[in-house]
Amino acid sequence: MDLDERWVRFARRRPLSSSVVVAGLVAVGTVLALRVVQRGGPGDTSLEAALLGVAASAFLVAKNRAPLVSVAGTTAGAVIYIVATGSFNSAMSLPPAIALYTIASRYPMRRAMTVTAAAAGALLAASFIWGDDWLPVERIGAVGWLFLGMCVGALGRARNGYLEAMKARAEAAESQREVEAAQAVLAERMRIARDIHDAVAHHLTAINLQIGTARRLVHARPEVAEQMLAQMHDIAGAALSEVKATVGMLRRDSLTVPEPGAGMSSMPGMVEVYRNAGASVVVTVSGEERPLPDDVDQVAYRVIQESLTNAVRHAPGTPVAVRCRYDDDAVAIVVENRLRPDDARAGEGGRDARDLPGLGMIGMRERVVAVGGTLDVRWVDDLFVVDAALPAGGGSADREATVRGDVDDHPDRPGRRSGSVPQHPAPTR
């Protein structure tokens, strides 16, 4: 550790002891400086001058607790020396210069300038009254040390302020980095939780549907029941693999970008699983299909997956219509299913379904918002509607195409034009 660092720590821990040390050093320096040759003649070697220099320096003991008293006492010692001797000796300006340094290093510049001007005015007045033979340069030298001490103190205060500001900025930056890291970890955990929820809910719902169908057919058509059991085995294996891969992300030493998961290219297979389990799902695609950005592709798939899972779980046996429309810069996804009578009465009047309980809707909305899209979940008459718009980027002319189905619209909904898809505003990032 450097000597100056040791002194700073000592001064902070023991301010009174450090003041005594400073006062002693200044007293020794003042006494020695009084003996320096003045105007080509001998210096002041008298005992009275030495005692006056020591007395003036003694006021520096109070420079930390009472800096104004320290300035007044050291300045009074310099004035008394001028009155007593009538001669110039810049050594007596050293104690008040040190006291003014303390003032400037602790207080604003305006206050430091005021105190320094008052001390310098007292010395100048004494030099004009009791120092008739003083040269102009001597009067300047008498007060120059005072302003020098004040300037050095002001520079020290400015430097300390700069260092404190830099330290505060560094601490704020470090705190911000910690907050961002915590937010990144939380976002990653939430993403993994959504993936686990989607995978488990989807696969368990599909297995539950197939179990119900297999139970009905186990005696009448055992070969079909056996086929469904095989499908359930495959679905369970896929669920375990997906959950294992997702949970494996929690064991990473650092957060990395996950590999692209299931996307819209996997949608026909997902829909086929529900159809094999007895669900009535109709999928309609309009516009020219094209690859989507990885994150948007996964979100689009998850929106359809979660919507089908909810429809089959909460309104089993009702038909489900899935519509996808590719626009120039967006892809619109609408999933509709009929409500059960009790749910239909609860949703009368087009009630907003934003406050639906459960983690599925929350996760779906978080996914959509994360990629810059919009999501609207609502009741419309006797239908439950999930309406999402996602940014797609790029595009071409629209065309109509139906995937794995011949029906362009919901089979049981009256008053709808075949193939119509609700209009969405193009989402912006």
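Five salt bridges turn up in the structure, a salt bridge being a side-chain nitrogen of Lys or Arg within 4 Å of a carboxyl oxygen of Asp or Glu. The structure is a predicted model, in which local features need pLDDT of at least 70 and side-chain atom pairs count only at pLDDT 80 or more, while totals for chains, interfaces and linings use all residues. Residues are numbered from 1 along each chain as its sequence is written, and side-chain values use heavy atoms, with hydrogens and water left out.

One of the bridges pairs Arg 325 with Asp 327, at 2.9 Å from N to O. Arg 325 has a relative accessibility of 8% and so counts as buried (buried means under 20% relative accessible area, exposed over 50%, and partly exposed in between, with a 1.4 Å probe and protein chains only). Asp 327 is buried as well, at 18%. Arg 378 has a salt bridge to Asp 376, at 2.6 Å from N to O, and another to Asp 387, where the closest N and O atoms are 3.6 Å apart. Because its relative accessible area is 28%, Asp 376 is classed as partly exposed, whereas Asp 387, at 9%, is buried. Shared partners tie Asp 376, Arg 378 and Asp 387 into one network of salt bridges. As a general point, side chains of opposite charge can pair when their charged atoms come close.

Disulfides are another matter: a search of the whole structure finds zero of them, a disulfide being a pair of cysteine sulfur atoms within 2.5 Å. As for individual cysteines, Cys 151 is partly exposed, with 37% relative accessibility, and Cys 324 is buried, at 1%.

Next come the helices. Helices (H or I, at least four residues) and strands (E, at least two) are DSSP runs, numbered from the N terminus. Helix H1 covers residues 3-13 and helix H2 residues 15-34, and each of them supplies at least two residues of a nonpolar surface patch. The patch consists of Trp 7, Val 8, Val 21 and Leu 25, which together have about 360 Å² of accessible area. Patches are made of residues with over 30% relative accessible area and no salt bridge; like charges are joined within 9 Å, and nonpolar side chains (Val, Leu, Ile, Met, Phe, Trp, Tyr) within 5 Å. The areas come from the Shrake-Rupley method with a 1.4 Å probe, and for residues only the protein chains shown count as cover. Val 21, a residue of H2, is partly exposed at 37% relative accessible area.

H2 itself has 20 residues and reaches 28 Å from its first C-alpha to its last, close to the 28 Å expected at 1.5 Å a residue. The expected span is 1.5 Å times one less than the number of residues in the helix. Quite a list of H2 residues is buried, including Ser 18, Val 22, Val 26, Thr 30 and Leu 34. Arg 35 sits in the loop between H2 and helix H3 (47-58), and with 46% relative accessibility it counts as partly exposed. Arg 35 and Ser 46 are 11 residues apart in sequence, and their C-alpha atoms are 8.8 Å apart in space.

Ala 49, Ala 50, Leu 52, Gly 53, Ala 56 and Ser 57 are its buried residues. They cover an arc of only 165 degrees around the axis, so they sit on the same side of H3; the arc is that of the directions from the helix axis to the C-beta atoms. On the face turned away from that buried side, H3 carries the exposed residues Leu 47, Glu 48 and Leu 51.

Among the buried residues of H6 are Ala 112, Val 115, Ala 119, Leu 123 and Ala 126. The buried residues of H6 fall within an arc of 125 degrees when seen down the axis, so they line one face of the helix. An α-helix has 3.6 residues a turn, so residues three or four places apart point the same way. Exposed residues on the face of H6 turned away from the buried side are Arg 110, Thr 114, Ala 118, Phe 128 and Ile 129.

Finally, Tyr 81 belongs to helix H4 (residues 67-85) and is buried, at 3% relative accessibility. Tyr 81 and Ala 126 are 45 residues apart in sequence, with 9.6 Å between their C-alpha atoms.
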